[in-house]
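Dear colleague,

My notes on what was found in it follow directly after.

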Amino acid sequence: MRPALSVILLTTLIGVGQGLFLALYTVQVFDRIGLIQGPANAAFYVCGSALALAFLAGGLGASFFHLGRPERAWRAVTMWRTSWLSREVIVLPAFMGCVFLYGLGHYAGWAQHPLVAGVDATLAIGAIGTVLCVGLFLCTGMIYACLRFLQEWHTPLTVINYLLFGSASGLMLATAYAGVIEPSLVGFLAGWTVAFTLAAFVSRGASLIRNARLKPRSTLQTAIGVKHPRIVQSSQGFLGGSFNTREFFHGATHAFVRSVKWVFLIGVCPVPLALLAAGLAGNARVLLAIAFLVQYAGLLAERWFFFAQANHPQNLYYQRVS
Amino acid sequence: MTQLALVIDLNVCVGCHACVTSCKEWNTSGAAGSLSDDNPYGKDPTGTFLNRVQSFEVGEYPNTQTVHFPKSCLHCEDPPCVPVCPTGASYKRKEDGIVLVDYDKCIGCKYCAWACPYGVREIDEHEHVMKKCTLCVDRIYDPSLPEGERKPACVMACPANARLFGDIHDPDSGVSKAIRDNGGYQLMPEWGTAPANHYLPRHKREMNVRAEDVERVDNPLKVDGRLPKPALKSPSLDDVTSW
């Protein structure tokens with residue numbers, strides 16, 4: 001498949017936003033239980049929610065560039081019964097609304113609001129937001145995992161990777177953010193970041209190993225229904241390009257694709273974790289921010305590779321110009 | 001339940017592309033708007049086509065055969081492109097099984113093309129909506145056309161009659177008989193999409209020449225023995241001289 005920049009940005013940006021929200025809510029829950037000393041004031045949650053919302057809005061904005069007819073995008077909410085894409089279109093704005101309310105609740109002090117006396121409204125909103133957040137990871141992953149003949153994607157690992165990478169990058173941003181606004185939380189958030197980054201690294205590695213062993217179920221023999229073992233296309237039926245040759249072939253060399261794989265493997269885990277460790281040891285905030293930027297760049301490469309690696313069976317029909 | 005479909009006889013198709021051009025002509029002239037076509041005579045021609053003819057070489061030289069292979073939407077009975085559509089623009093008609101795109105609802109997200117293993121959906125780069133074979137739904141029910149012409153444009157155009165059109169759920173239809181009698185098959189059966197369009201396989205044509213086809217055995221002149229039997233290579237005039 002040809003990796004589309006709009007989709008790469010959509011999936012990575014909303015992943016960061018979702019992970020950041022999960023980080024904020026985790027801090028609040030742990031604070032509430034009394035396991036950690038929470039932030040001194042609500043600004044941590046308010047600015048954090050705004051930051052998460054900015055990432056989510058950036059992703060949503062990028063997604064419109066993928067559409068041929070963005071003015072009709074509202075129609076995409078109708079087929080939620082069958083389409084994971086439609087479900088994502090519903091869950092993403094709902095989650096954004098929740099993040100907005102979460103930030104607003106902290107800003108307006110809903111924790112001690114007289115209308116909901118005795119109940120911390122922000123905790124409740126956050127719980128709903130967490131459900132929507134995980135649901136959004138599920139929708140985003142299932143958009144790809146549900147296509148059964150794209151064998152590289154048709155695995156639960158796809159959903160798990162989206163969940164873990166999104167969370168890890170959001171936690172990394174939360175760590176850098178805490179370094180600026182609430183340094184007491186850096187250690188706590190860094191722990192979660194390391195855990196999720198390592199988990200994402202392992203699960204992505206597992207999917208890479210799985211995909212390397214895949215055997216394509218479709219062959220030229222099944223594609224045209226001729227049993228002979230040697231079939232070569234002599235013409236795809238047209239001289240110039242078509243949608244089929246542009247959308248489903250990335251056009252990059254094998255060596256380039258392989259180098260992107262190593263770039264993202266190094267970029268998403270070892271380098272950012274080393275920067276994180278250096279930042280913690282040296283108490284250097286700027287290193288934490290660089291760690292996030294490096295990991296995000298690695299994630300862009302990871303997503304590019306994710307699309308480029310998928311080998312669509314339709315490519316069997318488009319192998320030779322004449 | 002009706003399931004309209006094409007049955008394509010690979011034994012007959014000569015790869016002339018008449019179905020491609022007639023399809024383009026009919027579908028670019030209809031009420032749904034034109035099919036995009038850029039640089040048709042230029043350096044890098046490109047455009048939206050609902051039907052393609054491809055060629056494959058089967059076998060090892062010198063024992064090779066060229067298989068011409070027309071490919072358009074197969075109107076799957078379980079179409080994977082329909083449930084993934086977020087707007088419902090992609091749908092399968094209950095009454096005749098045709099898979100269609102509502103061009104007024106399509107948002108051009110291309111997800112249906114990703115979900116089609118056959119690569120038969122092509123986006124229109126000018127209208128920014130997904131386009132595909134309609135089985136000429138604007139022809140086959142048109143009462144203003146003579147009944148014999150209520151067929152898809154590609155079927156009308158095929159000079160070798162390699163394309164048959166009909167209801168594959170009706171066991172007495174011509175297409176059902178053709179599938180039954182000639183071992184019609186579906187493409188990529190491994191995905192369980194149950195394509196409605198079928199292909200009739202190529203088979204070897206052998207010439208059976210018997211002695212009596214070459215030399216008439218019941219020639220009365222020869223039986224009478226009134227004329228000498230000429231050599232096989234000598235000039236002959238039927239009923240005057242004999243083989």
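**Helix packing in chain A**

H5(A) passes H11(A) in a left-handed crossing. Please bear in mind throughout that this is a predicted model. Helix H5 of chain A covers residues 156-181, and helix H11 of chain A covers residues 285-309.

On the H5(A) side, the contact is made by A:Phe165, A:Ser169, A:Met172, A:Leu173, A:Thr175, A:Ala176, A:Gly179 and A:Val180. The residues of H11(A) that they meet include A:Leu288, A:Ala289, A:Phe292, A:Tyr296 and A:Leu299, and also A:Arg285 and A:Glu302. By class, the residues of this contact divide into 11 nonpolar, 4 polar and 2 charged.

**The contact between the chains**

Chain B contributes 48 residues to the contact and chain A contributes 46. On the side of chain B that touches chain A, the elements giving two or more residues are strands S4 (51-58), S5 (65-72) and S8 (122-124), together with helices H2 (81-84) and H3 (111-114). S4(B) supplies the largest share of that side, with 7 residues. The class counts for the side of chain B that touches chain A are 28 nonpolar, 11 polar and 9 charged residues.

Three strands form an open, antiparallel sheet in the order S1(A)-S4(B)-S5(B). Its edge strands are S1 of chain A and S5 of chain B, each of which pairs on one side only. Neighbouring strands of the sheet are turned by 35° against each other on average, with direction ignored.

The pairing across the two chains joins strand S1 of chain A (residues 231-235) to S4(B) in the antiparallel sense, over 4 bridges. Within that pairing, A:Val232 stands opposite B:Glu57 in S4(B).

Inside chain B, S4(B) and S5(B) run antiparallel and are joined by 8 bridges. B:Val58 has B:Gln65 in S5(B) as its bridge partner. H1(B) packs on the sheet, where it touches S4 and S5 of chain B, and its direction makes about 165° with that of S4(B).

**Backbone features in chain B**

Most residues other than glycine have a negative phi, and most peptide bonds are trans.

- B:Tyr61 and B:Pro62 are joined by a cis peptide bond, with omega about 5°. B:Pro62 lies in the loop between S4 and S5 of chain B, the two strands that the 8 bridges join.
- B:His17, a residue other than glycine, has a positive phi near 70°. Its place is the loop between strand S1 (4-9) and helix H1 (18-28) of chain B. With 18 other C-beta atoms within 10 Å, B:His17 is partly exposed.
- B:Cys136 likewise is not a glycine, yet its phi is positive at about 50°. The loop between strand S9 (129-131) and helix H4 (137-140) of chain B holds this residue. B:Cys136 counts as buried because 24 other C-beta atoms lie within 10 Å, where the cut-off is 20 or more.

With kind regards

Key: Residues numbered from 1 in each chain as written. Chains lettered and ligands numbered in written order. Predicted model: local features only at pLDDT ≥ 70, side-chain atom pairs only at ≥ 80, totals over all residues. Axes fitted to C-alpha atoms, helices over the stretch in contact; angles between N-to-C directions. Left-handed = near helix turned anticlockwise from the far one by under 90°. Contact = placed C-beta atoms within 7 Å. Nonpolar A, V, L, I, M, F, W, Y, C, P; charged D, E, K, R; others polar. Pairing = 2+ DSSP bridges. Buried ≥ 20, exposed ≤ 12 C-beta atoms within 10 Å, placed from the backbone.
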